[in-house]
Amino acid sequence: MHIKHTASVLLFAATLAACTKDLGNYSYHDVNTGVVTLPAQVSAVIGDTVTIVPEIKFSQDPGDGSDTSRYSYEWTVVNTNGSLRVFATTRNINQPMNMLGVGTYSAGFRIKDKTTGVAFQSQFSLLVSTAAYEGLFVFGNVADSSRLDMLAYNGTSLASEKMYRDVLTAFETDYPRPIGKALNVYGIAKNTQDYLLLISTTKGTNRLDRNTLKWDITKNISYLCYGDVPQGFAPSMMWGGVSYMLMYEKNNIYFWLTNLLFNLGAPVNRIAAEPASFKASEWYCQPGTNNGSIAIFDMDKRRFVRYIFRTTVYDKYSSTYVNPTPALFDYNNLKADLVWVNRVALNNNAYAILKTDAGEYRMAVFNPASAAQVAYKLMPSFPALAQATQFVLDPKFTTLYFSAGSKLYAYYLDANSFRELQDFGKPVTYLGFPVTNGGIYSTDFQNRLAVGTFDATNASGGGTLQFFQTFGQGATPQITEGRKITGFGEIKAVYFRSRAGGV
C-alpha cells in the first residue's frame, strides 16, 4: 500500500506541473496545410505508360505543388513480401509500367513542404495487369535478326485489340542479344500456375515469363532438360499438349514431359533393334490425345514409324508399323519421299503427301495409333505442288491449303482435285490456323486461315497477315477475305496466346 500511495503522489505532482502556466515568449502562426486527392484505384498495364496526376490544394500556396524548390515527392508501393518500395520521386507519374508484376498493390503518394517539414499523403490501390494477357504473337525476320510482335486482346473480345511492336524491347524483357533469325513461337500449359511461352531462333530457344514476358538465364531451354544441351539448341518445329512437348532439330525429334523432362542425348527417332538413330523428317504427325501415337518419317529407309508417348512413362524408342490386311501401301517400304504430313483432330487421321519413285504424288491417309489405312490416292498432275513451301490442313473441313510463290491453292481429297484460290502478288511466307495452348485450335481461329505475305522492299514492315474464312470442301466460295494486318517483318510463325483454363 505504501508503494502505491507514493506513486499516486508523484503522478499528481507531475500533473500539477504540467498544468502550471507557461510564461515563455512564443509566437504562433498557421502553417501551410494541403489536401491530396487520387482515384481509389489506378490501373496499369505492364509495358504501357502509366500516368497519374494527383490533385493537390494548399491553404497558403495558390500553386498546385509543382514547385520542386519548395516541395519533394515520393510514390511508394507495398511489395508482395510486405516491404515498402519507392518507385518515383516526381509530382506526377508518367513512365512505363515495368517495375511490378501482375497483381493488386497498396500504394501511396506523399508530398512534403520543405519549408515546414510537414508532409501530406493519399493512398490508393494499384492494379497491374499484362498487355500479354491474351493475343496473337507474330514472329518474323527483320534483316539479319527477328522481331516478336503481339496483337493483344483483353480476354473478352477479339475486337479489344492493341498492337505491340517488338515486345522483347518494348517490355524491357532483357532477352539476350543477338536474337537470331526467327524459327518458331509456341506455348504449352504445364498447369494453371506454369505456362511455357517459348521462342526459337537460330541463336537458341528460350521461354518468357507468362505475364511480363521477362527473361532471365533460368528461362533458357537447358533448364527444362537433363543431360548435355548443345550450345544454341534451337528446335525449328515445336508441338505440345498439356504437360508435354515435341521438338524437332536437325533431323532429330525430342519428347519432353513435364514430370520427366527430356534428354537431348536420346532422340526418339530410333528403333531399339537398330544401331543408330535414323534421320527424321521435320514433318511429323502430332498426336491426337494423351497416350497417343506420333507418326515419324524415316528419311534413311523411307518408311513411317510410330512413337507412343505417355503421360507417366518415357518410351526410349520408336517402333515399326505392322501393315494391315489388306494394305493400301507398305509402311516399311514406301518407295517414296515425304513431302508433308500432319494429323487432323476431326478424325485423328494423318494426311501425308508422298512423292513416289515414279514421280507421282500420292495422298496417304492413315491412323497413326491403330495403323488402319484409309486412302492412298493418286493425286492429279498439278505443277504448283512441286514448288509448294507452306502447307496446312483445315482442322474443320480437312481441305489441304498450300502455297507456291505468291499463290494460294487448295486440294480436296473428296474430289481429288486442286484449285488456285488467290494470287497475293508477294511471296507467301506463312500459312496456318493459329493454335493455342497445347496445340488446340481455338474456336476463334479453327476456320480462319491465316496467310502471311512479305514485301521485300520494306524489310521491317513489309509483312502482312491476312485472315480468310474457310468453308467445306469444294464450296463456292472456298474462302472469303477477312481481317488484314500490316507492318510485320517476314512472318515465320503465329501463335494464339489464350487464357482459357486460367493459364
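Ring pairs join Trp-283, Trp-340, Phe-382, Phe-391, Phe-402, Tyr-409, Tyr-411 and Phe-418 into a cluster. The model is predicted: local features need pLDDT of at least 70, side-chain atom pairs count only at pLDDT 80 or more, and totals for chains, interfaces and linings use all residues. Residues are numbered from 1 along each chain as its sequence is written, and side-chain values use heavy atoms, with hydrogens and water left out.

The structure holds 28 aromatic pairs. Rings of Phe, Tyr and Trp (its six-membered ring) pair if their centres lie within 6.5 Å; planes under 30 degrees apart are stacked, over 60 edge-to-face, and the rest tilted. Phe-382 and Tyr-409 are edge-to-face, because their ring planes stand at 85 degrees, with the centres 5.4 Å apart. This pair links distant parts of the chain, 27 residues apart. Phe-382 lies in the loop between β28 (373-378) and β29 (390-393), and Tyr-409 in strand β31 (residues 407-412). Strands are DSSP runs (E, at least two residues), numbered from the N terminus. Phe-382 is partly exposed, at 22% relative accessible area. Tyr-409 is buried, at 7%. The cut-offs are under 20% for buried, over 50% for exposed and in between for partly exposed (1.4 Å probe, protein chains only).

Two arginines sit over rings. Arg-165 lies over the face of Phe-488, 4.8 Å from the ring centre. The charged end of Arg-448 is 4.9 Å from the ring centre of Phe-467. The criterion is NZ of Lys or CZ of Arg within 6 Å of the ring centre and within 35 degrees of the ring normal.

The largest pocket has a volume of about 820 Å³. A pocket is an open set of points on a 1 Å grid over the protein atoms alone, with protein on both sides within 12 Å along at least five of seven lines; lining residues have an atom within 4 Å of a point. The lining of the largest pocket comprises 37 residues, with Asn-184, Met-237, Trp-283, Tyr-430 and Leu-431 nearest its centre. Strand β13 (182-191) is among the elements giving two or more residues. Its share, five residues, is the largest.

One cavity of 30 Å³ or more is present. A cavity is a set of grid points where a 1.4 Å probe fits but cannot get out. The largest cavity holds about 30 Å³ of space. Its lining consists of Val-50, Ile-52, Phe-87, Ile-93, Gln-95, Met-97, Met-99 and Leu-126. Strands β3 (49-52) and β7 (93-96) each give two or more of these residues.

How values were computed
Helices (H or I, at least four residues) and strands (E, at least two) are DSSP runs, numbered from the N terminus. Grid points are joined across faces, edges and corners, and a volume is the space filled by probe spheres set on the points.
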